[in-house]
Every structure is written in C-alpha cells, then in structure tokens.
Amino acid sequence: MLVLAMMLTPVAQPAAVHAQTTSKQAVKEVPLQTNLALHKKVVASGNEVDALKPELAVDGKGNTRWSSPYKDDQWFYVDLGAKMDIDRVVIRWQTPAESYKILVSDDAKRWKNVKADGGVIKSKGGVETVDFPLLKARYVKFQGVKRAPVEGTLYGYSFYEFEVYQLHDLRTIVDNVTAALKVNAGQTKLDWSAAHVPEDYEVTLYGSDRLPVIDLEGDIREPLVDAKVNLIIQVTDKKNPIRKLLSDNITVLVPGQHKQTSDRNSEPDVIPSLREWYGGKGNYSLTESSRIVVNAKDHEILQNAAELTRQDLQDITGLDIKIEYGEPKKGDLFIAIDPSLTWLGDEGNLFKVDEYVSMTSSTAQGVFFGTRTALQIIKQHPDRTIPRGESRDYPKYEQRGLMIDVARKFYTIDFLQSYVKLLSWYKMNTFQIHLNDSVGTPFKDGTRAAFRLESSTYPGLASPNGHYTKQEFKDLQLMGKEYGVNIIPEIDTPGHSRVFTSYNPSLGNPSTGDDNMLDVSKPETVQFVKSLLDEYLDGNDPTFIGPDINIGTDEYNGDTEVFRGYMDTLIKYINSKGKHPHLWGGLTHYNGVTPISTDATMDIWHEPYGAPQQAVDLGYDVINAQNTYMYIVPTVYGNYLNTQLLYNEWEPVKWETTTLPLGHPHVKGGMFCLWNDASEVNGLSMDDSHDRMLPGVQVVAEKMWTGTREDRSFERFEQRKKKIGDAPTANLSHKVAVNNEDNSVIQYLFEKEFEDASGNHYDGKGVNVDITQGKYENGVRLNGEELY
C-alpha cells in the first residue's frame with residue numbers, strides 16, 4: 001500500500017501532531033523513543049544565564065533551550081548511558097554557530113570527529129541534520145568553532161534540542177530500494193520487490209515531482225518522450241512506527257512513447273516552457289477564415305475561455321476570429337472538456353497541433369491555459385504559425401503567486417486587473433493583495449498607515465488617499481476566476497496594525513509606545529478583527545469570494561503565548577467560515593507551548609523567523625516566499641529579482657539555508673513579493689513597479705510551472721521573454737509597434753497637413769492652429785487661447 005505521511009527528510013521524526021475534533025494542533029515537541037539523547041545526562045562548558053541550562057536541550061520541548069557563554073570555544077555533550085549505535089545528530093537551533101564539530105567518545109576524555117576528514121561543519125541554522133557512518137559511542141558532543149553574528153552582534157551558541165539517532169537499518173532499506181527502482185518501457189506500476197524489504201518494515205511512496213507520470217499510488221503513465229521523475233520514499237519500522245525515514249530524491253527515467261528526432265519540429269518557445277513535447281512536421285497557420293470552435297456540449301463551461309481568447313487574438317493579430325460551436329476544421333482553434341484527463345490535474349492540458357489546434361483538459365482552467373500556449377506562439381510568429389506536434393502540459397507546483405503591497409503604495413483597480421491578465425498569461429494562479437500596513441514617512445495627507453478596502457462596519461477606516469470599494473474588489477476576484485487566478489486578500493494583524501490603532505487607540509496598548517501593534521490580550525481587540533473579517537465573509541453577497549485569506553500574523557512585539565493563541569484563534573475562525581487561512585511563517589521566532597492549528601498554509605519568508613523544515617514537520621503546507629530570493633523592496637533593497645540566479649539555481653523547494661526534496665507534498669509552491677516600504681516617498685510610479693515586476697514574474701513562472709531544465713539556457717530564456725512580453729489587452733509596458741526602420745513613432749512634416757509620415761498612421765487634427773511657411777519648409781502657427 002502506498003501511503004502519504006507527514007514527514008520531512010532528513011529529520012527522522014516530525015514534531016508531534018495532536019489530533020483535534022475540528023483541526024490539527026501543532027506544538028513543537030521532540031518525538032519519544034527514537035531520540036537517544038532524550039532526558040539523558042548532559043554537561044556543558046557553561047550557560048549564558050542559569051535559566052538557559054544544558055538540560056533544557058534534551059527535555060523534548062520546543063520552547064526551552066541551552067545557551068552558551070559569549071565565547072567561540074564552547075561545548076555541550078550528552079551521556080547516552082551506554083555505548084550505542086548512532087549515525088545521526090539533529091540540532092534545533094535558536095542561535096546557530098557559524099561553524100562547529102560533532103565529536104564522540106567512550107570516556108568523555110578522548111574525542112573523535114564523526115566526519116572521516118575531521119571536517120568543520122558550516123551551520124545552516126534552522127533544524128540541522130548531521131549524518132555520518134554508523135559507529136558506537138556513549139558520549140556525543142557539540143564543539144563550537146566559531147560563532148555567527150546576529151545583526152552584527154556575537155551571542156553564544158543556542159539550541160532548543162540536541163538529538164541523537166540510530167537509523168542504519170532504515171537507511172540500508174532506503175539504499176536498497178533506491179538501487180532497485182528502475183522503470184522499463186511499458187511498465188505501469190513502481191516495483192521495488194528486488195530490494196527484498198524485510199517483513200518488519202514498510203516502504204511507501206511519499207512524493208513525486210511529476211504526478212501525471214508517476215502518481216502517489218505508484219501508477220506510471222507513459223510520457224510522450226523520456227521523462228525524469230524525482231521520487232521520495234518513506235521507510236517505517238512496523239515494530240515501532242514512530243521510527244521513520246525519508247529518502248533524498250530518487251531520480252528515475254520513465255521511457256516515453258516516442259523519440260524526438262532532429263527531423264521533427266523542435267519544441268516551441270513559451271513561458272513557462274512545456275512539460276512534454278513530441279514534434280510533428282510542418283506548421284499550422286491561422287488565417288482570416290480560422291475559427292475558435294468550442295465542443296458543442298461544452299458551450300456553457302468554455303464560453304468565457306473562447307471569448308477571452310478571441311479578444312486576445314484580435315489584440316495580437318488584428319484578426320476578428322468568430323466563435324462557433326461544433327466540430328473543428330482545418331485552420332481552427334478547437335477547445336473541449338475531456339473528463340478522462342483528470343490525471344493531468346486541474347490546470348493541465350493536451351495541446352495538439354495538426355491541421356487545426358486542439359486544446360483539451362478536464363477543466364475550463366486547463367483549457368484556458370492551453371490557449372495561452374497557442375497565443376504566445378502566434379505572438380512570436382508574424383506569419384501566425386504554430387509548429388505541428390503534441391504537448392502534455394501541467395504544473396510542477398500547485399501554487400504560483402505574486403503579492404503586491406497596495407497598502408504602502410496604492411495601485412488603481414485597473415492596474416490590478418491588468419496584472420490578473422499578466423499572471424494568467426504566464427500561467428501564474430495566485431495573486432495576494434496586502435491590504436493594510438504602516439509607513440515610516442507619512443503619506444502626503446499626513447497619515448502614517450493605510451487600509452485599502454471600503455468598510456461599512458468601521459466607517460472611516462478605509463484610507464482617504466486611496467482604497468477599493470467592496471464591489472471593485474469583488475469584481476477583481478470574479479475576473480480572477482475567469483482568468484484562472486485566485487485573488488487572496490491579506491489583512492495583516494496583530495503587527496503592522498497602526499491603521500487600526502489610529503482608528504481606535506484602545507485596540508493597542510499605549511503604555512508600550514508602539515502604535516503599530518494590536519493588544520490581542522484584550523477580547524475586544526480580537527472581536528474587532530473578527531468583526532472586520534465578518535463584514536467581508538458573511539451574508540448573501542460577501543466581498544471575499546475566493547477560497548483563501550491571508551491573516552498576516554508576523555513581526556509582533558508582545559507576549560509570545562498570547563500571540564500564539566491569537567494565531568490559533570484566527571486560523572480556526574477562518575476555517576469556520578469555510579475558507580483556508582494563509583499566514584507568514586514565524587514559529588521559530590515565536591516558539592512556545594500554546595497549540596496552534598495546522599489547518600493553514602504558511603508563507604516561509606525569513607528562516608530565522610520561521611524555518612521551512614520546522615513548518616512541514618509540524619504539518620503545515622508551505623509557500624516559498626524567501627526574502628533573499630523572492631522579495632523586492634524598491635529603493636531599499638532588491639530593486640529587481642536576480643533572474644539569472646533564480647533561473648539557474650532556484651525552485652520553490654530551495655530557501656537560503658534549506659533545500660527540501662523535489663516533490664515534497666507539503667511544498668505547494670512559491671510567491672514573488674513586491675513590498676513598498678519606501679516606494680511612495682521616493683516617487684515610484686505604477687509603471688516603475690511594473691518595470692520591476694515583469695521580469696520577476698516571467699522567471700518565477702518558468703521555475704514554478706516547469707522547474708529546472710538541463711536542456712535550456714538562461715540566455716535563450718532572456719530572448720524568449722523579450723518576445724512574449726506583456727499580456728494581450730494589457731499593455732502595461734506601453735509598447736508601440738512601428739512600421740519603419742528608424743523606430744519613429746510619430747513624424748509630422750506638415751506637407752500634407754497633419755498626416756503622420758512615420759507610416760504608423762497617427763494622423764493628427766489641429767484646433768486653432770494653421771499650417772504656414774516656416775524657416776525650413778512648412779510649420780505650424782499656434783493661434784492662442786484654446787488650441788491643440
């Protein structure tokens with residue numbers, strides 16, 4: 001039986017997940033029985049203070065820790081009580097080292113490095129795993145080599161838990177299964193029987209990064225051409241089911257139906273690039289007589305996709321193509337629903353090009369994304385051709401998003417609508433709108449915070465210097481549904497909340513001197529937030545109509561346990577409304593004992609605040625919004641994303657210090673974030689924002705839909721993105737097509753009055769102006785008063 005479990009390699013066990021009747025609860029604890037260091041005797045070189053003693057690093061609690069004196073050469077060791085087989089140490093850092101060693105001993109006097117080369121370990125922070133060959137030892141030691149500064153200050157070493165494991169038996173089975181996993185032509189099921197797994201152990205498939213080729217049941221569907229699939233397996237000790245181990249990625253090659261040869265059409269260049277392609281010969285041509293044909297039985301479900309495609313084709317080609325219902329003929333674009341294609345996922349599609357172009361999927365969204373492929377190819381070919389061939393296209397990651405901070409810089413609803421089109425053009429499916437925040441330099445009207453959505457529950461809360469009506473915001477979400485883009489509203493509390501404390505100072509705690517924080521120890525403050533959410537979620541005509549809401553909950557200065565309780569309350573409250581909550585990851589920084597529901601998705605943005613490994617250990621789904629890779633804060637830092645680095649090295653499983661295995665089921669995708677901390681005061685326009693966002697959207701779209709490709713280069717991608725550019729009917733870059741070699745847009749010679757001599761036909765009309773003889777040929781006389 002193939003089972004999905006909540007485990008993350010390389011940690012041997014996740015933190016305990018306590019089942020509740022209505023939700024999952026997460027408290028960071030260390031699992032019993034497998035951690036050989038748990039509750040054992042420990043000795044350390046010293047403590048920072050008496051309250052941070054070494055015993056706290058082996059107590060199994062995630063909110064207690066040992067912290068060393070402020071010196072480099074500090075150490076800590078655990079006495080296992082007897083010589084034991086060991087091969088793994090896990091350190092759950094609070095303040096990580098820059099470098100350290102792991103040593104073992106039989107007598108606590110003579111120490112041996114677990115690494116054969118005696119090497120020093122460079123710490124990555126977070127939850128760090130050190131694997132080494134199986135050995136016997138009684139004492140296991142952390143030996144600090146060099147401390148790492150925290151914002152310029154050198155503290156001591158500090159970790160919540162120091163864990164020791166023996167996983168040799170599980171690791172041996174992983175190795176044997178890895179060696180046995182091969183896929184032959186025509187094979188329909190994964191088979192690791194050659195690994196001869198002992199009866200007391202169970203091997204299950206945990207993850208796959210190409211589910212349409214190998215799904216989590218181990219079923220294999222033959223791809224069009226050879227395809228690499230990265231798998232994760234889990235081994236469980238059936239005698240002690242707490243003992244589990246995940247493999248690293250196991251890459252298998254699945255033989256395809258065909259061989260792509262040089263005499264066949266090469267894969268057309270689109271963004272994101274196609275997952276599978278088998279070329280035909282010759283080209284399809286779009287002509288004035290071509291039609292968009294919808295399968296008659298799919299009239300209702302695909303009418304919107306057909307109309308939007310018609311509009312986009314007209315914008316790209318100038319052709320006004322008719323929409324008809326029935327059977328396709330040569331030259332047509334045909335769209336249809338095929339319920340048998342569920343294995344491609346909700347966004348996947350079959351894209352077949354012969355005498356006509358066929359785009360089929362089990363959903364309207366999948367079909368619509370297929371039309372984006374056709375349109376991008378046509379846009380790049382002035383002769384309106386598409387190479388014949390067949391594609392199976394489907395995303396590698398489920399959520400592919402952009403976030404815009406509209407609080408600290410207001411964007412018109414028209415701009416956001418254009419961005420819905422742009423995201424859909426690049427098969428991005430999530431658009432988060434950050435609705436409230438505070439600024440350092442006041443806005444021009446003197447206010448120091450903004451909430452950008454009309455409120456009738458709290459009149460006057462919406463910012464006078466720019467906000468959206470509830471109907472405008474609802475219409476934006478409805479438009480998003482048409483384009484396959486999920487709009488996620490974000491109301492960020494209890495930090496970033498000056499707009500609320502300015503509205504009602506009693507919601508904060510004036511004695512702290514920090515008006516940016518709500519005081520969530522007050523029931524009336526919590527009720528204020530609930531009532532605001534109720535306004536947008538309840539009733540027959542709610543404002544928030546999508547499935548997801550982001551509740552913020554980051555960067556809070558207040559009591560940690562109260563804050564954790566508030567997070568739990570909001571997560572459950574959103575779930576009770578039938579919505580799915582998202583929140584910014586911060587459980588490393590806000591460690592504690594108050595349970596927090598895991599029925600939420602966590603945006604992991606800064607590993608010292610909230611580590612991805614910790615989040616998935618607790619049972620959260622995660623989104624990679626790593627500030628190092630995925631943030632731009634114009635005029636402050638990161639004016640543009642590092643597109644070359646992202647293209648060559650990044651996928652959503654990669655954070656700055658942590659890389660999770662490809663296909664991990666809890667890694668749902670990534671989100672590119674535009675923060676406007678100083679954009680308004682420094683005069684950045686919406687056009688400036690677009691100039692920064694477009695190249696970022698293009699590259700993250702590629703890496704979240706397709707992932708990393710060995711057969712493509714960044715240089716080729718750069719050429720492709722210039723040609724594909726803005727979405728049709730949304731010319732955010734204000735590009736102008738010209739019909740001359742000089743790139744002239746308008747040229748008035750005044751020889752034929754106001755005729756445009758550039759060839760672009762921007763002929764003018766004069767009001768209260770005359771054509772007259774000038775010093776050099778004809779000119780214009782401006783007669784004063786009203787003229788143009």
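Where does T553 lie? Please start there and then go through the other parts worth checking.

Modeller: This is a predicted model. T553 lies in the loop that runs between strand 27 (548-552) and helix 8 (560-576). Its backbone has a positive phi of about 55°, although T553 is not a glycine. Most residues other than glycine have a negative phi. T553 counts as buried because its relative accessibility is 2%, and the cut-off for buried is under 20%.

T729 is placed in the loop between helix 13 and strand 34. At 32% relative accessibility, T729 counts as partly exposed, whereas T553, at 2%, is buried.

The loop between helix 13 (714-724) and strand 34 (769-773) also holds V736. V736 is partly exposed, with a relative accessible area of 43%. Together with V745, I746, Y748 and Y762, V736 forms a nonpolar patch on the surface. The accessible area of these residues together is about 410 Å².

Two peptide bonds also deserve a check, since most peptide bonds are trans. I271 and P272 are joined by a cis peptide bond, with omega about -5°. P272 lies in the loop between strand 14 (250-254) and strand 15. The other case is the cis peptide bond between T493 and P494, where omega is about 0°. P494 sits in the loop between strand 26 (486-493) and helix 6 (498-503).

Strand 15 leads on to a sheet. The sheet is open and has 7 strands in the order 15-21-19-20-18-16-17, with mixed pairing. Strand 15 (276-285) and strand 17 (322-325) are its edge strands, each pairing on one side only. From one strand to the next, the twist averages 20°. Within the sheet, strand 19 (residues 349-353) and strand 21 (residues 385-393) run antiparallel and are joined by 5 bridges. Strands of a sheet pair through backbone hydrogen bonds, either parallel or antiparallel.

Another antiparallel pair is made by strand 3 and strand 5 (residues 75-95), over 4 bridges. K41 stands opposite D79 in strand 5. Strand 3 (residues 41-44) has a covered face, made of V42 and A44, and an uncovered face, made of K41 and V43. In a regular strand the side chains alternate between the two faces of the sheet.

Helix 7 (residues 523-537) has 15 residues and reaches 21 Å from its first C-alpha to its last, close to the 21 Å expected at 1.5 Å a residue. Of its 15 residues, 12 are buried, so helix 7 is largely enclosed by the rest of the structure.

Note on methods
Residues are numbered from 1 along each chain as its sequence is written. This is a predicted model: local features need pLDDT of at least 70, side-chain atom pairs count only at pLDDT 80 or more; totals for chains, interfaces and linings use all residues. Side-chain values use heavy atoms; hydrogens and water are left out. Patches are made of residues with over 30% relative accessible area and no salt bridge: like charges are joined within 9 Å, nonpolar side chains (Val, Leu, Ile, Met, Phe, Trp, Tyr) within 5 Å. Accessible areas come from the Shrake-Rupley method with a 1.4 Å probe; for residues, only the protein chains shown count as cover. A salt bridge is a side-chain nitrogen of Lys or Arg within 4 Å of a carboxyl oxygen of Asp or Glu. Helices (H or I, at least four residues) and strands (E, at least two) are DSSP runs, numbered from the N terminus. Buried means under 20% relative accessible area, exposed over 50%, partly exposed in between (1.4 Å probe, protein chains only). Two strands pair if DSSP finds at least two bridges between them. Axes are lines fitted to C-alpha atoms, for helices over the stretch in contact, and angles run from 0 to 180 degrees between N-to-C directions. The expected span of a helix is 1.5 Å times one less than its number of residues.
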